[in-house]
Amino acid sequence: MKNFTEKLCRILPEEQVHENEPMSRRTTFRAGGAADWLVEPDTEGQLAEIIRLCREQLVPWYILGNGSNLLVGDKGFHGVMIVLGKNWNQVEITGQTIRAGAGALLYTVAKQALAASLTGLEFASGIPGTIGGAVVMNAGAYGGEMCQVLTRVRVMTGDGQVKILDASELELGYRTSCILSRGYIILEAELLLEMGSQEEIRSQMQDYAGRRREKQPLEYPSAGSTFKRPAGYFAGKLIDEAGLRGFGVGGAQVSEKHCGFVINRGGATAADIVELCRQVKERVFQNSGVELELEVKLLGEF
């Protein structure tokens, strides 16, 4: 481990290389073990070198955004978490086009769209993720999805090459894309919005924010909607109908406010959360015949 750390420190300043970084600090679930390494590259060149080193040494790596759709196992992630942070959060607006770095928060981009009187990104104003993560999973809410506004992306391939791809090449579907399976890293996204009324855009964003506060358990750590929406159903409704409102395992609980959310009521382990999700899936299937699928990504050793 020390040897690999030294190699990382030849690529990055020492203060940008962290050993045994607790993922409970880096994910919105506030649970899970430590990553063996967490690094924060400043440039595409550094990023490419880190990926090359990981490939040569057969060390797993993962791009960590805001940690809002991720659960790391209690035994940790035996690899390198790569955070595209402050040097990757630029937002540029030209006419109706927004170019945003992978590390830019969706809320920030939506606010800048509002300031420029651009409509189409209101749905994203309350999603607690980054642009990079939102593209990877085609994030959406309130009938809007990234695929509706995304035009192209800059990506880095697994061998360090930088490519520009049209959105049509990303196989964007419901909470899915081909980005991870092809080993791409999102560097930047280009969005095309429409001119609109600033007053109406602000009003829509405020309406969505109000609905979130009213219906979602924002006061507890969670990863948002825990399960994907099954075709023709709503996951929260199926979970409620199975009698699971408030059902818990250890410190993990099905939210009493919104059954589609699994929350950390305090001290939940990743094992608690995974076991709760397993039991929820089992009970829902027994009750309705519908098989729920996790929307949250599981990573590391459980």
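A residue is termed buried under 20% relative accessible area, exposed over 50% and partly exposed in between, with a 1.4 Å probe and protein chains only. The structure is a predicted model, in which local features need pLDDT of at least 70 and side-chain atom pairs count only at pLDDT 80 or more, while totals for chains, interfaces and linings use all residues. Residues are numbered from 1 along each chain as its sequence is written, and side-chain values use heavy atoms, without hydrogens and water.

The cysteines were examined for disulfides, defined as pairs of cysteine sulfur atoms within 2.5 Å. The search of the whole structure found 0 disulfides. Cys147 is in none, the nearest cysteine sulfur being that of Cys178, 13 Å away. Cys147 is partly exposed, at 32% relative accessibility. For Cys259, the closest cysteine sulfur belongs to Cys277 and lies 13 Å away, too far for a bond. Cys259 is buried, with a relative accessible area of 4%.

Cys277 also takes part in lining the largest cavity, together with Phe29, Leu71, Ile273, Val274, Leu294, Val296 and Leu298. This cavity holds about 40 Å³ of space. Helix H7 (residues 270–288) supplies the largest share of its lining, 3 residues.

Asp36 is found in strand S2 (residues 34–39). Asp36 is buried but forms no salt bridge, and the nearest side chain of opposite charge, Lys75, is 13 Å away; a salt bridge requires a side-chain nitrogen of Lys or Arg within 4 Å of a carboxyl oxygen of Asp or Glu.

Conventions:
Helix = DSSP H or I, 4+ residues; strand = E, 2+ residues; numbered from the N terminus. Lys, Arg positive; Asp, Glu negative; His and termini not counted. 1 Å grid on protein atoms, 1.4 Å probe; cavity = no way out; pocket = protein on both sides within 12 Å on 5 of 7 lines; lining within 4 Å. Points joined across faces, edges and corners; volume = space filled by probe spheres on them.
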